[in-house]
Amino acid sequence: MEKSVVILGIESSCDDTSAAVIRDGVLLSNVTASQAVHESYGGVVPELASRAHQQNIVPVVDQALKRAGVGREELSAIAFTRGPGLMGSLLVGVSFAKGMAAALGIPMIDVNHLQGHVLAHFIKDPSQTEDAEQDESPTFPFLCLLVSGGNSQIVKVNAYNDMQIVGQTIDDAAGEAIDKAAKVMGLGYPGGPVIDRLARKGNPDAFQFSKPHIPGYDYSFSGLKTSFLYNLRDWLKDDPDFIQHHLEDLAASYEKTIVDTLMNKLRLAARDLGIRQVAVAGGVSANTGLRNAFHEYAKRYHWKIYIPKFSYTTDNAAMIAITGYFKYQDHDFCPMEAPAYSRVTL
Ligand code: KG4
């Protein structure tokens with residue numbers, strides 16, 4: 001019988017310390033420690049993030065191995081997020097992976113965090129199916145809308161290891177635009193989930209914000225952010241409690257503008273490339289309005305859509321482990337001296 005392939009994945013690119021174990025492509029455990037320390041600062045504080053990773057990494061990896069019922073000696077390789085991300089955060093995961101791989105005498109696999117988000121669609125998790133919109137994985141080629149706090153991209157996925165950026169934001173990411181608007185309205189950080197909750201009760205057509213006009217498949221969200229800010233300033237002059245009076249409508253209208261913008265470019269790319277398998281990934285793919293829009297477009301344009309489980313939309317090590325598993329099949333290992341990259345594209 002062939003020996004099974006057991007991969008430990010480690011993710012520490014931003015403010016989540018996560019470890020996961022995958023055996024022969026099937027997820028055995030996925031443990032994440034989030035960092036509440038940033039909430040009171042209205043954003044991630046890099047220095048605090050890296051300190052918290054230092055505290056969390058050992059217990060998180062221990063838990064992941066325990067829950068998987070896997071001993072260290074059974075591991076075939078260690079996959080880790082090499083970038084992009086916050087340097088101080090990445091270094092904790094990268095150094096830990098190096099130390100553990102060296103101690104066990106097993107190979108290391110470097111994973112691009114963005115590739116991990118896209119390949120989250122291939123995580124086979126037998127333990128929970130409750131919030132999965134479908135169990136099937138996409139077949140190649142497919143388009144993936146990758147939307148997070150730091151990225152907004154349309155990616156053509158030709159194979160596990162062959163991805164092409166079709167379009168991307170020329171300034172802010174969609175998640176960043178959502179978080180900024182939430183901050184201006186005093187809704188705390190991260191604002192995405194709050195805007196989502198409020199938007200469900202508001203009228204999406206109550207307010208109009210300027211939509212970006214960027215050629216091709218690229219995005220721009222900085223103008224929208226400014227338009228929101230300037231409009232709000234004017235409205236507040238007439239009614240100092242404008243935000244409280246219109247919170248749900250503001251959230252719904254702003255969210256709609258972002259979702260429409262994201263979907264419109266995605267539709268053009270799908271049409272022009274003749275691709276009808278369309279996926280979404282990254283933190284913003286948790287958004288209800290965006291998920292609903294995917295279902296509408298699927299009906300209207302005969303797409304087959306792939307929407308990840310909530311737990312695999314935000315940063316997690318399961319997506320790093322599955323990417324590592326595919327790279328392991330290609331013997332695509334990295335040397336011990338591999339540095340972390342704060343900026344790297346797909
Ligand atoms: O992928 P992610 O966890 O982190 C990286 O950027 O790597 O994405 C975080 C982003 C934040 O901007 C957050 O506000 C947004 O995802 N987000 C949401 C929702 N949940 C998280 N945005 C809209 N609606 C949500 N439900």
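This briefing walks through a predicted model of a protein chain with a ligand. The chain is divided into domain 1 (6-132 + 313-329) and domain 2 (142-308), with the bounds taken from an automatic or database domain assignment. Both domains give residues to the shell around the ligand, so the ligand lies between them.

Two quick notes on the ground rules. Residues are numbered from 1 along each chain as its sequence is written, and side-chain values use heavy atoms, with hydrogens and water left out. Since the model is predicted, local features need pLDDT of at least 70 and side-chain atom pairs count only at pLDDT 80 or more, while totals for chains, interfaces and linings use all residues.

**The two domains**

- The C-alpha centres of domain 1 and domain 2 lie 27 Å apart.
- Across the boundary, 14 residues of domain 1 are in contact with 22 residues of domain 2; contact here means heavy atoms within 4.5 Å.

**Around the ligand**

- There are 19 residues around the ligand, and Gly149, Asp179, Asp196, Gly283 and Asn287 come nearest. To count as near, a residue needs one of its heavy atoms within 4 Å of the molecule.
- Sorted by kind, the shell has 5 nonpolar, 11 polar and 3 charged residues. In this sorting, Ala, Val, Leu, Ile, Met, Phe, Trp, Tyr, Cys and Pro are nonpolar, Asp, Glu, Lys and Arg are charged, and the others, Gly among them, are polar.
- Helix 3 (113-119), helix 4 (174-184) and helix 5 (192-199) each supply at least two residues of that shell. Helices (H or I, at least four residues) and strands (E, at least two) are DSSP runs, numbered from the N terminus.

- An N or O atom in the side chain of Asp179 sits 2.6 Å from an oxygen atom of the ligand.
- Gly149 uses its backbone instead: a polar backbone atom there is 2.8 Å from a ligand oxygen.
- For Gly150, a backbone N or O atom lies 3.3 Å from an oxygen atom of the ligand.
- How much of the ligand does the protein bury? Taken alone, the ligand exposes 560 Å², and the protein buries 86% of that. Accessible areas like this one come from the Shrake-Rupley method with a 1.4 Å probe; for residues, only the protein chains shown count as cover.

- Thr17 belongs to strand 2 (residues 16-23). With a relative accessible area of 0%, Thr17 is buried. The cut-offs are under 20% for buried, over 50% for exposed, and in between for partly exposed (1.4 Å probe, protein chains only).
- Which side chain does the side chain of Thr17 make a polar contact with? The partner is the side chain of His53, at 2.8 Å. A polar contact is a pair of N or O atoms within 3.5 Å; within protein, one must be able to donate a hydrogen and the other to accept it, and residues adjacent in sequence count only if both atoms are side-chain atoms.
- Leaving aside neighbours within four places in sequence, Thr17 is in contact with residues including Glu11, Val31, Ala52, His53 and Val60.
- Ile154 sits in strand 7 (residues 152-159), and Ile154 is also buried, at 0% relative accessible area.
- Ile154 and Ala269 are 115 residues apart along the chain, yet their C-alpha atoms are separated by 8.1 Å. Ala269 is one of the contacts of Ile154 beyond four places in sequence, and Leu143, Val166 and Tyr219 are among the others.

**Cis peptide bonds**

- The bond from Phe140 to Pro141 is cis, with omega near -5°. Pro141 is in the loop between helix 3 and strand 6 (142-147).
- The bond from Tyr189 to Pro190 is cis too, with omega near -10°. Pro190 is in the loop between helix 4 and helix 5.

**A few histidines**

- Is His295 buried, partly exposed or exposed? His295 counts as partly exposed because its relative accessibility is 34%. This residue lies in helix 8 (residues 288-301).
- His295 and Ile307 are 12 residues apart in sequence and 9.6 Å apart in space, C-alpha to C-alpha.
- His302 is in the loop between helix 8 and strand 10 (304-306). Its phi is near 55°, a positive value in a residue other than glycine, and His302 is exposed, at 59% relative accessible area.
- His331, in the segment after helix 9 (318-329), has a positive phi near 55°. His331 is exposed, with a relative accessible area of 59%.
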